[in-house]
Amino acid sequence: MARMLITKGNHKLGTDGAVYCFNLPAVSTCAPTKWCLEGKDGEPSCYALNGRFKWPNVKDAYEWRYEESLKSDFAGRVIDEINKVTPQFFRWHVSGDFYNEEYIGKVEEIVIATPNVLHRTTTRRRDFAKAVLQLNSQPNMIIRESLDTVFRNPTLGLPFAAIDSIDIINEMDATECKEDCIPCEYSCWKEPVNMYFKEK
Ligand code: SF4
């Protein structure tokens with residue numbers, strides 16, 4: 001059987017097949033801030049740079065997915081896989097981010113071709129604002145801007161996903177992510193609410 005590009009959710013998103021994901025390497029595809037890389041007493045705060053994300057097999061799998069995402073048949077293969085497993089929800093980039101505008105265009109093709117799936121992601125790629133906003137205009141896509149101690153305020157006109165120690169979560173309506181999507185009823189896929197989460 002061919003190796004799949006998309007993977008089932010995780011302990012937070014649920015592993016019953018309602019959620020599938022596509023992940024990329026952290027740092028090389030992101031625009032990491034000092035908080036991401038050194039925010040935890042000099043060590044990375046980003047969850048994608050900790051725990052099981054450091055395992056060589058996990059890192060190798062994300063590198064393979066990056067290489068595959070460069071290919072011209074990437075969007076078609078992901079569409080075929082989504083149509084085969086029929087998830088209700090799709091999470092882009094538990095690890096990683098949009099690394100160029102061509103890739104954002106491929107993601108948009110996938111989102112348009114899977115109108116019954118609710119897609120969501122977060123991004124720090126303020127440098128690709130125009131393409132990110134275009135993708136976010138699709139009715140089944142929600143993109144949030146990642147905020148931390150370096151970027152404390154939204155700049156893209158998107159909802160945000162912020163750590164709980166910055167002022168913005170008290171200044172604007174924001175919902176706490178309880179890190180357990182099944183009892184939460186996948187609320188943040190359904191509405192473009194601002195979110196915050198506990199810094200680990
Ligand atoms: S807000 Fe709810 S649905 Fe969204 S990631 Fe957190 S627990 Fe999951």
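1. In this predicted model, the cover over the buried residues of helix α2 includes β2, α3 and α4. The buried residues in question are Tyr62, Arg65 and Ser69, and because they cover an arc of only 60 degrees around the axis, they sit on the same side of α2.

2. The face of α2 turned away from that buried side carries the exposed residues Pro56, Asn57, Asp60 and Glu67. As for its length, α2 runs over residues 56–69, which makes 14 residues, and it reaches 20 Å from its first C-alpha to its last, close to the 20 Å expected at 1.5 Å a residue.

3. Nonpolar side chains in soluble globular proteins tend to be buried together. Here the largest nonpolar core has 38 residues, and those with the most contacts inside it are Ile104, Val107, Leu135 and Ala162. Elements giving two or more residues to this core include β2, α3, α4, α5 and α8, and the largest share, 5 residues, comes from α4.

4. Which residues does Leu135 touch, leaving aside those up to four places away in sequence? They are Ile104, Val107, Glu108, Val111, Met141 and Ile143.

Key:
Residues numbered from 1 in each chain as written. Predicted model: local features only at pLDDT ≥ 70, side-chain atom pairs only at ≥ 80, totals over all residues. Core = buried A, V, L, I, M, F, W, Y, C linked by C-beta atoms within 7 Å. Buried ≥ 20, exposed ≤ 12 C-beta atoms within 10 Å, placed from the backbone. Helix = DSSP H or I, 4+ residues; strand = E, 2+ residues; numbered from the N terminus. Contact = placed C-beta atoms within 7 Å. Expected span 1.5 Å × (residues − 1). Arc of directions from axis to C-beta.
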